[in-house]
Amino acid sequence: MTDTRTQRPSTTAGRSAAAFAVVADGVLLLLSHGWPGWQAVPFLTDDTTRVLPAIDALLVAGILVGLVQLVRPRGATQPAGTLMTTAFGLAATLRTLQVFPFDLDPGWALVARIVLWLGVVGAVVGLVSAFLSLLRLRAVRR
């Protein structure tokens with residue numbers, strides 16, 4: 001008979017993932033505001049400045065969540081962090097859809113809008129999933 005219990009990722013794996021996320025989010029912040037800057041991307045318009053605050057908030061939230069998960073990689077920090085970063089991601093995606101700072105051919109613009117809407121749907125599913133995970137953890141601890 002095989003053991004069907006699921007194994008939790010090791011603490012080392014959780015910390016490695018958190019460290020990678022912190023570095024990746026930090027690099028993205030530097031690239032978008034430093035060199036080469038968002039202006040180097042040929043299909044972004046000047047309206048990108050109207051979307052950057054939401055994207056910056058998402059990246060900063062990701063860095064903060066990653067730092068917390070470096071210190072405490074288990075327990076409620078995982079689903080709470082997912083809930084937080086997914087909420088910021090949803091806000092950034094909705095803002096991007098609202099402003100749509102892309103200079104694309106009509107066909108590619110449609111593809112970009114579809115991908116963004118798929119991101120919205122995925123974020124909503126992720127929010128519900130993370131919230132349910134938090135509720136399960138709370139019920140287990142009672």
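Q: Is D47 buried, partly exposed or exposed in this predicted model?
A: The relative accessible area of D47 is 32%. Buried means under 20% and exposed means over 50%, with partly exposed in between. D47 is therefore partly exposed.

Q: Which side chain meets that of D47 in a salt bridge?
A: A salt bridge needs a side-chain nitrogen of Lys or Arg within 4 Å of a carboxyl oxygen of Asp or Glu. For D47 the N to O distance is 3.6 Å.

Q: How many salt bridges does a search of the whole structure find?
A: Side chains of opposite charge can pair when their charged atoms come close. For the whole structure, the search gives a count of one.

Q: Which side chain of opposite charge is nearest to D25, and how far away is it?
A: D25 is buried and has no salt bridge. A salt bridge would require a nitrogen-to-oxygen distance within 4 Å. The nearest side chain of opposite charge is R15, at 17 Å.

Q: Where in the chain is D25, and which residues does D25 touch beyond four places in sequence?
A: D25 has its place in helix 1, residues 11-33. Not counting residues up to four places away, D25 touches L59, G62 and I63.

Q: How far does helix 1 reach from its first C-alpha to its last?
A: Helix 1 has 23 residues. At 1.5 Å a residue, the expected value is 33 Å. The reach in the model is close to that, at 33 Å.

Q: Why does the span of helix 4 agree with its number of residues?
A: Helix 4 runs over residues 106-141. Its 36 residues should span 52 Å at 1.5 Å a residue. The span agrees because the end C-alpha atoms are 52 Å apart.

Q: Which residues of helix 4 are buried, and what does their cover include?
A: The buried residues of helix 4 are A109, A112, L116, V120, A123, L127 and A130. One of them, L116, is in contact with T96, and T96 lies in helix 3 (residues 77-99). The cover of the buried residues includes helix 3.

Q: Is T96 buried or exposed?
A: The relative accessible area of T96 is 9%. Leaving aside neighbours within four places in sequence, T96 is in contact with V51, P101, F102 and L116. The cut-off for buried is under 20%, so at 9% T96 is buried.

Q: What is the accessible area of the nonpolar patch that includes V124?
A: V124 lies in helix 4 and is partly exposed, with a relative accessible area of 40%. The patch on the surface is formed by V124, V128, F131, L132 and L135. Together they have an accessible area of about 420 Å².

Q: What pattern does the chain follow along the sequence?
A: The chain has four helices and zero strands. Its C-alpha trace spans about 55 × 30 × 30 Å along the principal axes. Read along the sequence, the pattern is α-α-α-α.

Q: Of the contacts between residues at least 6 apart in sequence, what percentage join residues at least 24 apart?
A: The chain has 142 residues, of which 29% count as buried. Among contacts between residues at least 6 apart, the part joining residues at least 24 apart is 71%.

Definitions and conventions: Residues are numbered from 1 along each chain as its sequence is written. This is a predicted model: local features need pLDDT of at least 70, side-chain atom pairs count only at pLDDT 80 or more; totals for chains, interfaces and linings use all residues. Side-chain values use heavy atoms; hydrogens and water are left out. Helices (H or I, at least four residues) and strands (E, at least two) are DSSP runs, numbered from the N terminus. Buried means under 20% relative accessible area, exposed over 50%, partly exposed in between (1.4 Å probe, protein chains only). Lys and Arg count as positive and Asp and Glu as negative; His and the chain ends are not counted. Contact means heavy atoms within 4.5 Å. Patches are made of residues with over 30% relative accessible area and no salt bridge: like charges are joined within 9 Å, nonpolar side chains (Val, Leu, Ile, Met, Phe, Trp, Tyr) within 5 Å. Accessible areas come from the Shrake-Rupley method with a 1.4 Å probe; for residues, only the protein chains shown count as cover. The expected span of a helix is 1.5 Å times one less than its number of residues.
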